Amino acid sequence: MPDSAKSGPFKIGVVNASSRLDPARGEAIQAWMDQAYPGGEVQLVFHPQTFNKHGHFGGDDATRARAFVEFANDPRIGAVWFARGGYGACRIAEAVLPRLTAVARKKKYMGYSDAGSLLALLYKAGFPHLAHGPVASVAVRHAATADRALNW
């Protein structure tokens, strides 16, 4: 657990850079988190965009990019966890990079599938805390995997 968690809950921002996340799956993820971390020392914060729908995407490209940048640059969020894979992150990767601040460089980022294209661009830009690991939607199916990932 990062030192910032000692002064309050460590907040993990869940953002959707790709395919739509069903609100019921979001509720299931939150229920898993509440059970896995009952003391509230780790909290999930879902960006409102996470549940948007634009075709099969979690919002149009501009909306998904804006949501990612907001959470990446928010100093209250300690890590960014991609909600899903699928397709869409590759469409916003180059647009978000110039908008990221020094705050964004300090965070941890985790996801796989299509989020890998965004992680690769962040890696190329020198972001040090990246993990090709489970997306948040996996937590409800593979709790042990998600738990190990969050302990990273």
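User: In what order do the elements of the protein chain run from the N terminus on?
Analyst: This is a predicted model, where local features need pLDDT of at least 70, side-chain atom pairs count only at pLDDT 80 or more, and totals for chains, interfaces and linings use all residues. Residues are numbered from 1 along each chain as its sequence is written, and side-chain values use heavy atoms, without hydrogens and water. Helices (H or I, at least four residues) and strands (E, at least two) are DSSP runs, numbered from the N terminus. The order is β-α-β-α-β-α-α-β-α-β-α.

User: Why is the protein chain as compact as a globular protein of that length?
Analyst: The radius of gyration is taken over C-alpha atoms, and the globule rule is 2.2 Å times the number of residues to the power 0.38. For 152 residues the rule gives 15 Å, and the chain is close to that, so it is as compact as a globular protein of that length: its radius of gyration is 14 Å.

User: What percentage of the 152 residues count as buried?
Analyst: Buried means under 20% relative accessible area, exposed over 50%, and partly exposed in between (1.4 Å probe, protein chains only). By that cut-off, the buried share of the protein chain is 47%.

User: Which strands are joined to β3 by bridges?
Analyst: Two strands pair if DSSP finds at least two bridges between them. Strand β1 (residues 10-15) runs parallel to β3, with 4 bridges. Here G13 has V80 as its bridge partner. On β3, A79 is partnered by K108, and 3 bridges make the parallel link to β4 (residues 108-111).

User: Which residues of β3 point the other way from A79 and W81?
Analyst: In a regular strand the side chains alternate between the two faces of the sheet. Strand β3 covers residues 79-82, and A79 and W81 point one way. All four named residues are buried, and the ones pointing the other way are V80 and F82.

User: What covers the buried residues of α5?
Analyst: Helix α5 spans residues 115-124, and its buried residues are A115, G116, L118, L119, L121 and L122. Contact means heavy atoms within 4.5 Å. The cover includes α2 (61-73), β3, α3 (89-96), β4 and β5 (130-132).

User: Which residue with a positive phi follows α5?
Analyst: Helix α5 ends its run at residue 124. The phi in question is near 90°, and the residue is G126.
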